[in-house]
Amino acid sequence: MDHFNYVDGALCAEDVPLERIAEAVGTPFYVYSTATLERHFQVLDEALSSHMPQRRRLIAFAVKACPNIAVIATLARLGAGADVVSEGEMRRALAAGVPGDKIVFSGVGKTDAEIKFALEHNVGQLNVESEPELAAISRVATSMGVAAPIALRVNPDVDARTHAKISTGGAETKFGIPIDRAAALAQEAAAAPGIELVGLATHIGSQLTELEPFAAAFAKLVEAARALSAQGVRLRRLDLGGGLGVPYQRSNTAPPLPFDYGAVVAKALDGFECDVVIEPGRLVAANAGVLVSKIIYVKEGAARSFLVCDAAMNDLARPAIYESWHDIEPVKAPSSSEPVAPIDVVGPICETGDRFAQQRPLPPIAPGELIAFRSAGAYGASMSSEYNSRLLAPEVLVKGDRFEIIRSRPTYAEMLKRDRVPDWLE
Ligand SMILES: *Cc1c(COP(=O)(O)O)cnc(C)c1O
């Protein structure tokens with residue numbers, strides 16, 4: 001459920017017509033709904049607590065899904081932690097008020113500088129993805145005179161049955177420690193200087209639409225944890241990663257409900273005493289945001305018609321990278337008498353891949369009118385770039401009948417002044 005609905009013929013974010021935001025900030029822009037972010041977080045929190053009332057839990061929002069500080073702060077106020085994959089993301093989480101000890105630092109390529117930064121800011125958990133990384137963390141922590149809290153990220157070799165580019169739990173991917181090497185490395189970690197082994201972690205992929213891969217991965221993780229505890233290596237935390245999918249297409253069958261995901265978690269952990277961490281990104285943010293764009297031209301091509309809009313693949317990269325679907329809605333509600341016709345929705349960028357939809361049945365939309373790309377709150381703004389020297393789209397946060405710009409559109413002067421012309425060209 002989200003809070004983007006038509007009211008009196010106008011698509012609104014909560015109580016604010018998108019048209020009004022467009023007048024204030026121009027197009028294209030991202031807009032997020034506070035009520036939707038909060039609802040998604042709370043539904044997940046309740047799903048875990050209702051199945052496992054006794055267990056301590058941390059929901060660490062995967063910052064890469066939607067890294068705006070205001071978004072993180074909205075969730076932090078509900079008790080969320082943060083899953084970060086770079087120093088930049090950790091800085092964002094800290095700036096949003098997430099305490100260091102609620103931050104999980106993931107990623108296969110943490111540098112010494114990032115490890116040091118994380119430890120200086122009291123990071124709750126560094127997820128270790130390889131033997132050399134364990135050695136690096138041990139070295140950096142020892143030089144600082146601290147013990148680094150770490151979890152070993154295990155690769156359970158489970159097929160997440162999602163898009164290949166976001167599947168991370170197979171043996172052939174770069175992620176995690178092969179499960180058959182985890183026990184030996186855990187023993188090593190438990191004895192290593194500057195290391196405090198707190199648990200095991202896994203994350204098998206993103207946009208999972210079935211529960212079985214989660215169940216399989218969690219079962220392997222718990223089995224590894226039990227074996228370790230039988231060998232005297234005590235683990236107090238299991239981190240189950242993120243990955244639960246969202247409905248991108250209203251007409252499709254919905255992915256599993258958070259409640260049922262909670263049941264899978266509870267069943268896997270049954271009888272193993274530990275705290276639980278999960279790292280959802282998409283589930284919290286995707287349907288809490290839309291990208292609003294204006295139609296520049298309606299172009300009749302030789303074989304097809306095109307809606308050319310002022311958003312492009314630099315603003316919302318998912319269709320170009322993953323061929324993913326985003327529902328597209330006119331901001332002015334179409335009258336039911338208007339017939340729909342198939343049309344391609346494209347951006348102005350000089351690539352054929354700059355296409356949001358092919359032969360999408362849409363009502364007539366005229367130049368100057370607005371459309372909304374739904375489900376754009378996760379991996380939308382966060383994956384945007386200035387490709388074609390286009391300015392980054394601004395971000396807006398709505399709460400009830402209020403809205404605020406939470407990242408403004410840069411000026412062309414700001415974009416140009418980052419470049420430097422060397423002396424020899426002056
Ligand atoms: C990307 C990522 C997540 C979040 O994945 P979602 O599909 O957005 O829930 C969680 N943990 C790690 C380690 C990740 O890389």
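On a 1 Å grid over the protein atoms alone, a cavity is a set of points where a 1.4 Å probe fits but cannot get out, and a pocket is an open set with protein on both sides within 12 Å along at least five of seven lines; lining residues have an atom within 4 Å of a point. Grid points are joined across faces, edges and corners, and a volume is the space filled by probe spheres set on the points.

This is a predicted model, in which local features need pLDDT of at least 70 and side-chain atom pairs count only at pLDDT 80 or more, while totals for chains, interfaces and linings use all residues. Residues are numbered from 1 along each chain as its sequence is written, and side-chain values use heavy atoms, with hydrogens and water left out.

**Stop 1: the cavity.** The structure holds 1 cavity of 30 Å³ or more. Select Leu-44, Gly-242, Gly-243, Leu-244, Tyr-261, Pro-280 and Leu-283, which line the largest cavity; about 40 Å³ of space lies in it.

**Stop 2: the largest pocket.** Select Lys-64, Thr-168, Phe-175, His-203 and Tyr-379, which lie nearest the centre of the largest pocket among its 31 lining residues. The volume of this pocket is about 570 Å³. Next, colour domain 1 (4-32 + 286-417) and domain 2 (34-285): both give residues to the lining of the largest pocket, so it lies between them. These bounds come from an automatic or database domain assignment.

**Stop 3: the ligand.** Now display the ligand, which sits in the largest pocket (more than half of its atoms lie within 2 Å of the pocket's grid points). Around the ligand are 15 residues, the closest being Lys-64, Ser-206, Glu-279, Arg-282 and Tyr-379; a residue is near if one of its heavy atoms lies within 4 Å.

**Stop 4: polar contacts.** Look for pairs of N or O atoms within 3.5 Å. A polar side-chain atom of Lys-64 lies 2.7 Å from an oxygen atom of the ligand. At Arg-282, a backbone N or O atom lies 2.7 Å from a ligand oxygen atom. For Asp-83, select the side chain: one of its polar atoms lies 3.3 Å from a nitrogen atom of the ligand.

**Stop 5: the second largest pocket.** Finish by selecting Met-1, His-40, Val-246, Pro-247 and Asn-287, which lie nearest the centre of the second largest pocket among its 21 lining residues. This pocket has a volume of about 490 Å³.

How values were computed:
Polar contact = N/O pair within 3.5 Å; in protein donor to acceptor, adjacent residues only side chain to side chain.
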